[in-house]
Amino acid sequence: MFRSIAATCTLLLCFTLGMLSACSEPAPKSGTGRTGPFPALPPTELGEKWSAENEAQADEILSTVKQLLEKRYRGDDFLRRDAHPKHHGCVKASFTVDSRALPRELQVGIFAATSRNEFPAWVRFSNGSPDGAHSPDIDKDIRGMAVKLMNFEGTKSGSHDFVMLTSKEFITEDGEDYLKLHRALNGSNLSLAWYFMTHWKNLGIVNHGRTHAGNPLQLEYFSSVPYKLGPRSMKFKARPCASNQTNDPVPADPAPNYLRERLVNTLKSRDACFEFLVQPNMDPDVNDIEQSNLAWDEGKSPFIKVATITIPRQLEIDSSKHLNFCENLSFDPWRSLPETRPLGQINRMRFIIYPEISRLRHAYNNIPVIEPRSHDICVGQTAPLCEAPKH
């Protein structure tokens, strides 16, 4: 029984830490609160609910995450991400927008009809388990896909990020529920078991999001939580184009890193692509954006294709420099335009937690926080991103 509980704890950490800080980093021993200064959160809209109590919940979760990470990485020379630590590779891509299928009033932000509609990008594929850096790919897991658009006008960083998982919904309903889960994760096996007994739906979401995989280029990835789309809310997803839907079977005798091998070998021989779709919330009375563990009815709120992610044939994915780059790269859903910014309590907690944890990991590993500006990343200003992280 206790072994089963421990396994479920790992799965929950995969999802919960992954959604709050999928590309974030562990803290040093000293201090558990925010170090700031932090920019102000945007005003609530479209049904968002946020209070001083929610902000206190976010601070307690941040403290809990740091305590969990301190235990996991104590004594290590270099600190990996707290979730999605095992990457299969970061690949060169382009993100081409064609939002003509959207209603005019929803063609906003990156989906607006402008003269520029193609952006160079990096895409990172990963396994979610926070303890999975050295685990074999055959383990059932929540998989991740993160997309970074470069040289993007209108964001402070010059990047626009999309973070996605193989789960349609988030594990907890709202900020209060999320804090209860973190308290259980930082407590005893009995406290975690009690949380499961009283939150069966959340456990089901985690188990449904975990998947065996034959090739990371052949999975569907979801935002899980809502975002803004002008006057409405939305979710989004990336699904493989028809050209890469050849379902590679899970190997009978798999190598530990066979997903990286398949990613590398596939892109040596051919291009790949994903369709990027948004799901405008056409039933906001039912699809409450503060109920993050709710799937939206696709019949009433259908997905609409708005872009294509093209991944050309390429080499060097598994070179030491590119693997270092993939380790040092960071993603944040708040690297976005106001018209398509993250929505809801879970995302507002990410706003507080992501930058705090990110600074700590990069500082510990002696790697500066740098945003790439091109696909030529190992020269000039971004060259440090290709160095091995070290304490």
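View 1. At 24% relative accessibility, Cys378 counts as partly exposed, whereas Cys386 is buried, with a relative accessible area of 8%. Here buried stands for under 20% relative accessible area, exposed for over 50%, and partly exposed for anything in between, using a 1.4 Å probe and protein chains only. Cys378 and Cys386 form a disulfide with sulfur atoms 2.1 Å apart; a disulfide is a pair of cysteine sulfur atoms within 2.5 Å. The link is left-handed, with -85 degrees about the S-S bond.

A word on the model before we go on. This is a predicted model, in which local features need pLDDT of at least 70 and side-chain atom pairs count only at pLDDT 80 or more, while totals for chains, interfaces and linings use all residues. Residues are numbered from 1 along each chain as its sequence is written, and side-chain values use heavy atoms, leaving out hydrogens and water.

**View 2. Cys90 and Cys326, a link between strand 1 and helix 7.** The sulfur atoms of Cys90 and Cys326 lie 2.1 Å apart in a disulfide. Cys90 lies in strand 1 and Cys326 in helix 7 (residues 320-328), so the pair ties together parts that are 236 residues apart in sequence. Helices (H or I, at least four residues) and strands (E, at least two) are DSSP runs, numbered from the N terminus. With 75 degrees about the S-S bond, this link is right-handed. Cys90 is buried at a relative accessible area of 2%, and Cys326 is buried at 0%.

**View 3. Cys241 and Cys273, a buried pair.** Here the two sulfur atoms are 2.0 Å apart, forming a disulfide. Cys241 sits in the loop between strand 7 (232-240) and helix 6 (258-269), and Cys273 in strand 8 (residues 272-280), so the pair ties together parts that are 32 residues apart in sequence. Both cysteines are buried. The torsion about the S-S bond is about -140 degrees, so the disulfide is left-handed. The structure holds three disulfides, and with the bonded cysteines numbered in sequence order the pairing reads 1-4, 2-3, 5-6.

**View 4. Strand 1 and its two antiparallel partners.** Strand 1 (residues 86-97) is mostly covered, with 10 of its 12 residues buried. It runs antiparallel to strand 2 (residues 118-127), to which 10 bridges join it. Strands count as paired if DSSP finds at least two bridges between them. Within this pairing, Thr96 has Glu118 as its bridge partner in strand 2. Strand 1 also runs antiparallel to strand 9 (residues 304-311), through four bridges; there, Val97 has Ala307 as its bridge partner.

**View 5. Two nonpolar cores.** A nonpolar core is a set of buried Ala, Val, Leu, Ile, Met, Phe, Trp, Tyr and Cys residues joined through side-chain atoms within 4.5 Å. The largest has 70 residues, and those with the most contacts inside it are Phe111, Phe125, Met145, Phe276, Ile309 and Ile311. Helix 8 (residues 345-364) gives the largest share of this core, six residues. A second, separate core of 14 residues includes Cys90, Phe331, Ile367 and Leu385.

**View 6. Two stretches to read with care.** The chain has a mean pLDDT of 86, and 88% of its residues reach 70 or more; pLDDT is the predictor's confidence in each residue, from 0 to 100. Over residues 1-6 it stays under 50, and the model has four contacts beyond four places in sequence for them. Contact means heavy atoms within 4.5 Å. Residues 20-31 also stay under 50, with 46 contacts beyond four places in sequence.
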